[in-house]
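Please read the numbered points with the sequence and the model at hand.

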Amino acid sequence: MIAIRSAPGADQGYWLRISQAVEADVWDAFLAATPGGHHVQTGLWAQLKEMMGWQPMRLVAMQENHIIAGAQILLRSLPVIGKVGFVAKGPLFSVKDPELTMLMITELQRLARKHRVQHLIVQPGTGDNELTQCLLKKGFRPSSLEVAPRATLVLDLSPDIETIMAGMSRKTRYNIRLSGRKGITVREGTEQDLDVYHQILTATGKRKGFAPYPKAYFKEMWRILRPYGHAQLFVAEYKGEMVSGQFAVPFGDTVINKMSVWNGRHGKRRPNEALQWAAIKWAKEHGYRFYDFEGIKLAAATALLNNEPIPEAIKQTVTSFKLGFGGQAVIFSEAYDYLYNPFFRWIYTEMFPKVQNRRVFKRMRKWIRTH
């Protein structure tokens, strides 16, 4: 690591450091122990993203040899755009200090400029108003891109298992019990199950109209995360056939449903309810505090938080399926952009919002995400 400078206010004794090391056990431990810490900020996740062509870099604030704040930025060169930088679920702070927040954003901008980044995207992990105001003061603007889900559903696992089930919808409880009577079984998966899991993911992608990550991505995710306990696979079967599967990421106090897939068969036997319930019970039994369903429609989360009915368009969707399990809706901060080139900044702010929903741009975003 390379020291940059002390923060304003020498009495606090802050030091900022830059690291390009992919392996970062101390940083990962800080993330796991700090509220808001997320696996996408870890050095382990950076190793995975290197496979996809991203270059990781980390800006860390120290005080008395302890990490108190930081952000991992992923860099990548893209056609036409040039180099982009993305900070997902960060920066993260264990102390509240406006000067430190401002310093962190200032140095992030300086670091990005040094590495010739043309487009810097920061998506804070929580609704930190102080961080949001700092981003706006430093010239960031709300992004036109949805780089990650804006809302999710989080289930509190601290009650007993009967209370958790009682908080579900009547239909979901019925379907969980029905799955057992109809012969669906759920087990923990192994690396040998990843090939079939990816076959089902590919079929799910064709059915739902999205481009899946390649098989090697999940193989690498398992290889990198599994030894640290941050990868878990659940498999729902009927008479030995894998019907649905879920790749989950346990991290900190939360188990995140990273990707659930279904082959489209045996739907009347309710394999997907059985799968989610098994993952929830596993998280509870292994001492985790929360289960994150990883993404619901923003409109549904907004309605729930305002005690309003769920929009009709969302009913009979994956979001409505997740809502049946109960839990608390959470809305994350939107992403913020900073473009270094004034001409590109004008195109992005004035022209892009008018064309971003056209098919060619949607296809381009899918290609960038999966390639």
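Predicted model: local features only at pLDDT ≥ 70, side-chain atom pairs only at ≥ 80, totals over all residues.

**Notes on salt bridges, a strand and a surface patch**

1. Arginine 110 has a relative accessibility of 43% and therefore counts as partly exposed, since that class lies between the limits of 20% and 50%. The side chain of arginine 110 meets that of glutamate 107 in a salt bridge, with an N to O distance of 3.1 Å. Glutamate 107, at 3% relative accessibility, counts as buried. Both residues belong to helix H3 (residues 98–114), where they are three residues apart, or about one turn of the helix.

2. A second salt bridge joins arginine 187 to glutamate 237, and its closest N and O atoms are 3.1 Å apart. Arginine 187 is in strand S10 (residues 184–188) and glutamate 237 is in strand S11 (residues 232–238), so this pair ties together parts that are 50 residues apart in sequence. How do the two partners stand in terms of relative accessible area? Arginine 187 is partly exposed at 31%, whereas glutamate 237 is buried at 14%.

3. Aspartate 195 and lysine 215 also meet through their side chains in a salt bridge, at 3.6 Å from N to O. This pair links distant parts of the chain, 20 residues apart: aspartate 195 lies in helix H7 (residues 194–208) and lysine 215 in helix H8 (residues 215–225). Aspartate 195 is partly exposed, with a relative accessible area of 30%. Lysine 215 is partly exposed as well, with a value of 39%.

4. Attention may now turn to strand S4 (residues 66–78). This strand is mostly covered, as eleven of its 13 residues are buried. Strand S3 (residues 55–63) pairs with S4 in the antiparallel sense, over nine bridges. Within this pairing, alanine 61 stands opposite alanine 69 of S4. The two strands form a hairpin with two residues between them, and glutamate 64 in the turn has a positive phi of about 50°.

5. S4 also runs antiparallel to strand S5 (residues 82–88), to which five bridges join it. Here serine 77 stands opposite lysine 83 in S5. S4 and S5 form a hairpin with three residues between them. In that turn, valine 80 has a positive phi of about 70°.

6. Strand S6 (residues 92–93) is a further antiparallel partner of S4, joined by two bridges. Which residue of S6 stands opposite alanine 69? It is phenylalanine 93.

7. The last point concerns the surface. Leu298, Leu305 and Ile331 form a nonpolar patch there, and together they have about 210 Å² of accessible area. Isoleucine 331 is found in strand S15 (residues 328–331). With a relative accessible area of 31%, isoleucine 331 is partly exposed.

Conventions:
Residues numbered from 1 in each chain as written. Heavy atoms only, no water. Buried < 20%, exposed > 50% of the residue type's maximum accessible area, 1.4 Å probe, protein only. Helix = DSSP H or I, 4+ residues; strand = E, 2+ residues; numbered from the N terminus. Pairing = 2+ DSSP bridges. Patch = residues over 30% accessible without salt bridge, like charges linked within 9 Å, V, L, I, M, F, W, Y side chains within 5 Å. Areas by Shrake-Rupley, 256 points an atom, 1.4 Å probe, with all protein chains shown as cover. Salt bridge = Lys/Arg side-chain N within 4 Å of Asp/Glu carboxyl O.
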